Amino acid sequence: MRNLLCIALAFGLFLLSNGVGDPSAARARNETNAQPLTRAPSSVNQSDLTRLERHLRNVRQLTFGGENAEAYFSADGKRLIFQSKRDGRACDQIYTMRVDGTQVRMVSTGRGRTTCAYFFPNEDRILYSSTHLAGPECPPSPDYSRGYVWPIYPSYDIFTARADGSDLKRLTTSPGYDAEATISPDGKKIVFTSMRDGDLDIYVMNADGSNVRRLTAELGYDGGAFFSADGKRIVYRAYHPKTPEQIERYKKRLAENVIEPNVFEIWVMNADGSNKRQVTNLGAASFAPFFFPDGERIIFSSNAHNPRGRDFDLYVINVDGTGLERITYNETFDGFPMFSPDGKKLVFASNRNARVRGETNIFIADWVE
């Protein structure tokens, strides 16, 4: 998916939506404890899709063509910020638009690769990560000849700017990857993923970049973090290698500035890093978690119904790990879901309606319980 790395980690949109997962995902799955899954018919037509996707009504496509993803609402629910390869660009830049898809405007520098954009609650500033300080060119894609990987570009740093892209300010200066940043509801804290201590862990800092504190320390990848609406909890995705073989493979890949996104589980913790709890046990590539406004459930994307396959769909689960429910049944990719602040609308990225293979667009729908 979008060589995205944000609340996600930088995704190669085309490759993730069209590449096959590693066989280790199937081996890693714990069949005894895995949550039951809702199966889809072998072939889904539009009538089936409308019936099966009962929580989504009035689905509207907001972008048309190319790779568009990670769209997130402003605090008033009237605008979206997202990343896109449009205007002939070789790698992602950050754009804003109204929730009806109009008034599209680029707000990043147009240099390097960008990812993980977010509005501050007061909506006068934005947050995103960029590699532009290392040079105006797109950083090179990783070598996919040995399998699908996510690049961990050391040149990523976190920046803020005014909502129109002006007054750019750098927040992180530590060597190595800093990205996947989102903001607490009160605008005082930023949660992000960093390699500053040698592993991919979650950190929190003040909105001005000061007072950086590490929240996770277990070996492996922790990232894609979001605060709950009350600011008291954080939801994130994680892969923690256990066996000597898994640990060796993870460390070797990390030394190459890549990771293999084959098995992620969804976790939650308190905003101070305490009380970490694993929510899913699906043995699949589960990612992009986001709390419901009431904080009682989590929506996320996963290929749990076929961990070695190419189809990602949206799922909902209670924060205690019960009540797993499949939400979308599109036969390609659905991901990066986010609720509007009032919980009435859901925005997500999808390959549905693609005119060419790998095309990813942003959709918005009314949420129905």
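Select Gln-103 to start: at 60% relative accessibility this residue counts as exposed (over 50% relative accessible area; buried is under 20%, partly exposed in between, with a 1.4 Å probe and protein chains only). This is a predicted model, in which local features need pLDDT of at least 70 and side-chain atom pairs count only at pLDDT 80 or more, while totals for chains, interfaces and linings use all residues. Residues are numbered from 1 along each chain as its sequence is written, and side-chain values use heavy atoms, with hydrogens and water left out.

Gln-103 sits in the loop between β4 and β5 (105–106); strands are DSSP runs of E, at least two residues, and helices are runs of H or I, at least four, both numbered from the N terminus. Its phi is positive, about 55°, although Gln-103 is not a glycine.

Next, select Thr-96, in strand β4 (residues 93–98). Thr-96 is buried, with a relative accessible area of 7%. Leaving out residues up to four places away in sequence, Thr-96 touches Gln-103 and also Leu-80, Ile-81, Phe-82, Val-104, Arg-105, Val-107 and Phe-119 (contact: heavy atoms within 4.5 Å).

For another positive phi, go to Asn-257, at about 60° and likewise not a glycine. Asn-257 lies in the loop between α4 (244–255) and β17 (258–259), and at 32% relative accessibility counts as partly exposed.

Now show the open sheet of 4 strands, ordered β6-β7-β9-β10 with antiparallel pairing; two strands pair if DSSP finds at least two bridges between them. β6 (114–119) and β10 (169–170) are the edge strands, each pairing on one side only. Inside the sheet, β7 (residues 125–130) and β9 (residues 157–162) run antiparallel and are joined by 6 bridges. Leu-127 stands opposite Thr-160 in β9.

Leu-127 leads on to the largest nonpolar core, which has 81 residues; Leu-127 is among those with the most contacts inside it, as are Ile-190, Leu-200, Ile-259, Ile-298, Ile-299 and Trp-367. A nonpolar core is a set of buried Ala, Val, Leu, Ile, Met, Phe, Trp, Tyr and Cys residues joined through side-chain atoms within 4.5 Å. Strand β26 (residues 361–367) gives the largest share of this core, 5 residues. Another core, of 11 residues, lies apart from it and includes Val-191, Val-204, Ile-234 and Trp-267.

Select Ile-190 as well: beyond its neighbours within four places in sequence, its contacts include Phe-120, Leu-127, Leu-171, Tyr-203 and Val-204.

Finally, zoom out to the whole chain, with 4 helices and 26 strands. Of its 369 residues, 58% are buried.
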